[in-house]
Amino acid sequence: MKREKSGTILQKNQRVELEITGLTAEGAGVGRASEGGMAVFVPETIPGERVLVQIVKTAKNFCWGKAIQIIRPSACRVEPDCDAFPKCGGCVYRHMSYEIELEAKQQKVQDALRRIGGCEGFVVDPIVGANTEAGTPDRYRNKAQFPIGKDAEGKPMLGFYAPRSHRIIPCEDCRLQPESFSRAMAAFLEWARLYQEPVYDETTHTGKLRHLYLRQAASTGAVMACVVVNGNGLHHEQELAEIMSRRVPELKSLLVNSNREDTNVVLGKKTRTVWGDSVLTDTLCGLRFEISPLSFYQVNHDQTEKLYGLAADFAGLTGEETLLDLYCGAGTIGLSMAGRVHRLIGVEIVAPAVEDAKKNAAANGIGNSEFLCMDAPEAAKLLEERGIRPHVVVVDPPRKGCGEGLPETIARMAPERVVYVSCDPATLARDVARFREVGYVLRRAVPVDMFPRTAHCETVALLEKDGAER
């Protein structure tokens, strides 16, 4: 039971009427039962709506509620077009128009930079939305990982884990993924039910079938299928290749990945090609990239090209610069700019990604690049000790943001500009404040909607030395 400041008592299962006045960073509506009272978070609601809410969970400073009735719906409300929404937890904005979703993400970045980053008076540039067909930017993901489970009749099933659980929500056709993935799922289930390979049980660590992992080369539509197994292989592998290739003409690869570990990590370290090619080849920003199951590769091809284009514009390259690309993954960002710099140095801690980056450089005839397998702060410190002074530093860190001490190390290298590619507005804002303390000021920030219909939003930010000429 929680008491609001005005005296209103909110308790579990209570029903209250709320005016939805905002959205959380995760996409839930926010309302209050009384002026100045406790915030109530209500998924699947839109600012401006009046809703009847049942309180389902109370915490010290807020409550969670479930919308029982939309008393006054928003004009921006749309009918969800997916049977798995919102149970699977992937999409959070499928009940509203795409225009309102973009506004929400724009505000999310703006609010984070103001509240966390201390950027008072700073205005975020307009968000770069995805191209839409019929008003909805669907079918953009080029990668999917489907856990394999059993349905109520004990038959193999595919779907997604419900939020904060390992309960599989079945989904025959995820609208975020290409239609060819749906056919690949159907073909796999046809094989699994025909040959009755045992499904993995994570409680007992028995059974074989763990995940179906799919990738697509967006430029050609070619599909790779990888079955993750608790073991070394499958019975009837060739029959699986035959069924899948028949149902999915785009299929170019069938692989088996061995993961015997009792872990939540999807892929193991050993992968074997059963049929077709061992890699897919895609074209991104005019360059060719080979994609394996273990390769890091952005999941939204078209929006990635926009994102990298913005990063290159922010870098202000003339052809004379040394560019340092930290957290470089398979090298895609740095390599997309390599033709406009004198020297490219990429840094990544994941060894297979570094090898991919070297291969990608060689495949594209890029001879002015080198890649180091090191932690970003450690590598930046090493380059500083070597006297290498990059003109521009690009950072594309994981969701947790820049490593401890990295802004200080970058500042000692004295680059003219830092281009920060962020997948989390909160950690971006925190790091913007850290960079400001060492003399780098945020000049521009542009949100890019890499993951339409989900709560995630990428941002490209430009930081320059305080007092630098503009």
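In the predicted model, seven strands are arranged as an open sheet of mixed pairing, in the order β19-β18-β17-β20-β21-β23-β22. The edges of this sheet are formed by β19 (369-373) and β22 (440-448), each of which pairs on one side only. From one strand to the next, the twist averages 15°. Within the sheet, β17 and β20 pair in the parallel sense, with four bridges between them. Leu324 stands opposite Val393 of β20.

Helix α7 lies across β17, β18 (343-348) and β19, and its direction makes an angle of about 140° with β18. Helix α8 spans residues 406-413, and its buried residues are Leu406, Pro407, Thr409, Ile410 and Met413. Viewed down the axis of α8, these buried residues fall within an arc of 160°, so they line one face of the helix. Ala414 follows α8 and has a positive phi, near 55°.

The nonpolar interior was considered next. In soluble globular proteins, nonpolar side chains tend to be buried together. The largest nonpolar core of the model comprises 89 residues, and Phe188, Val227, Met337 and Val419 are those with the most contacts inside it. Helix α2 (residues 179-195) gives the most to this core, contributing eight residues. For Met337, when neighbours within four places in sequence are left aside, the residues in contact are Tyr308, Ala311, Ala312, Ala315, Leu317, Leu323 and Val394. Another core, of 40 residues, lies apart from the largest one, and its members include Leu324, Tyr327, Ile345 and Cys402. Leu324, a member of this 40-residue core, is also the residue that stands opposite Val393.

A further buried position was found in a loop. Thr24 lies in the loop that connects β3 (15-23) with β4 (29-32). Its relative accessible area is 14%, and Thr24 is therefore classed as buried, the cut-off being under 20%. With neighbours within four places in sequence left aside, Thr24 is in contact with Val30 and Phe41.

Methods: Residues numbered from 1 in each chain as written. Predicted model: local features only at pLDDT ≥ 70, side-chain atom pairs only at ≥ 80, totals over all residues. Heavy atoms only, no water. Helix = DSSP H or I, 4+ residues; strand = E, 2+ residues; numbered from the N terminus. Buried < 20%, exposed > 50% of the residue type's maximum accessible area, 1.4 Å probe, protein only. Contact = heavy atoms within 4.5 Å. Arc of directions from axis to C-beta. Pairing = 2+ DSSP bridges. Axes fitted to C-alpha atoms, helices over the stretch in contact; angles between N-to-C directions. Core = buried A, V, L, I, M, F, W, Y, C linked by side-chain atoms within 4.5 Å.
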